[in-house]
Amino acid sequence: MNLQDERDFPQRLEAIQARIAAACKRAGRRTDEVELIGVTKTFGPDAVREAWEAGIRILGENRVQEAAAKIPASVSGPEWHLIGHLQRNKARQALELFTVLHAVDSLKLVEQLARVAGEIGARPRILLEINVSGEVSKFGLTPEAAPSVVEQALAAPVLTLEGLMTMAPFSPEAEQARPVFARLRDCRDRWERQFGISLPRLSMGMSGDFEVAVEEGATWVRIGTALFGGRPRWKPERGSEDVEEREWRLE
Ligand SMILES: *Cc1c(COP(=O)(O)O)cnc(C)c1O
């Protein structure tokens, strides 16, 4: 959405759902195979309420600290997903706040999650983040490193490995993302065969490229700006501690 978009939230949501449905149709998929995750990062509890009242049931946050301030202050009901990178020392807090973790990206994080989940009785659903584009600035496992982490996750009875997640490199041209999404699907198909398992979830596609992602098999699309509008451009100062919380308060 651009900032001049005057449609209200339910209309924007409806337009996005229609685009998802059209992409499903082009790809010969059923519309109910794709769920929209509303990404509320940098927005406050009012946006959470707006999304919930418009019928969005899954919300995504990319930072644990921000979510720890926001979720308790928000309407209850949404299923919260952590879509951003998780540091090991925040595993416990993340498990207390989130149902699904999309960006699990190391053997050590899997070990930590399994241990802490066992301690506190959590049963998290996880996705492994795969860096299929090879962009060095990105988090995520390489396709070469991932199988041993798949194995490790499968060996932890408290974790449910549901699938894979990726971020396409930023580009104004959505088609640029297509090979990245296709490669994530290929990884999924390969590891399903290799391990004899089912990995039903593919978390891929954001505001700029969700239709391409749906055509390539996404089951979760993560939509922020197209729903909520532009995020504030404020950048935290280096070294300050509560930056993550301040970031979403500053609108
Ligand atoms: C912010 C974010 C999104 C949503 O991005 P938009 O382009 O605003 O839709 C999706 N996934 C992750 C991991 C994000 O951090």
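Analyst: The protein contains 10 helices and 8 strands, as seen in a predicted model. Of its 251 residues, 49% count as buried. Among the contacts with a separation of 6 or more, 59% are accounted for by residues 24 or more positions apart.

A search of the whole structure for aromatic pairs finds 2. In one of them, the ring centres of Phe-9 and Phe-228 are 5.3 Å apart and the planes stand at 45°, so this pair is classed as tilted. The angle lies between the limits of 30 degrees for stacked and 60 for edge-to-face. Phe-9 belongs to helix H1 (residues 9-27) and Phe-228 to helix H9 (residues 225-228); the pair therefore ties together parts that are 219 residues apart in sequence. Phe-9 has a relative accessibility of 2% and counts as buried. Phe-228 is buried as well, with a relative accessible area of 10%; the cut-off for this class is under 20%. Ring pairs also bring in Phe-43, so that Phe-9, Phe-43 and Phe-228 are linked into a cluster.

The charged end of Arg-57 sits over the ring of Trp-52, at 3.6 Å from the ring centre. Over the ring of Trp-220 sits the charged end of Arg-201, with 4.2 Å between that end and the ring centre.

The nonpolar interior provides the wider setting. In soluble globular proteins, nonpolar side chains tend to be buried together. The largest nonpolar core here has 69 residues, of which Leu-101 and Leu-128 touch the most other members. Beyond its neighbours within four places in sequence, Leu-101 is in contact with Leu-82, Leu-86, Ala-94, Leu-95, Leu-113, Arg-125, Ile-126 and Leu-127.

Helix H5 (residues 107-120) and helix H6 (residues 146-154) have axes that come within 9 Å and cross at roughly 10°, which makes H5 roughly parallel to H6. On the H5 side, Leu-107, Val-110 and Glu-111 meet Ser-148, Val-149, Gln-152 and Ala-153 of H6.

Key
Residues numbered from 1 in each chain as written. Predicted model: local features only at pLDDT ≥ 70, side-chain atom pairs only at ≥ 80, totals over all residues. Heavy atoms only, no water. Phe/Tyr/Trp six-rings, centres within 6.5 Å; stacked < 30°, edge-to-face > 60°. Helix = DSSP H or I, 4+ residues; strand = E, 2+ residues; numbered from the N terminus. Buried < 20%, exposed > 50% of the residue type's maximum accessible area, 1.4 Å probe, protein only. Lys NZ or Arg CZ within 6 Å of the ring centre and 35° of its normal. Core = buried A, V, L, I, M, F, W, Y, C linked by side-chain atoms within 4.5 Å. Contact = heavy atoms within 4.5 Å. Axes fitted to C-alpha atoms, helices over the stretch in contact; angles between N-to-C directions. Parallel < 35°, antiparallel > 145°, perpendicular 65-115°, else oblique.
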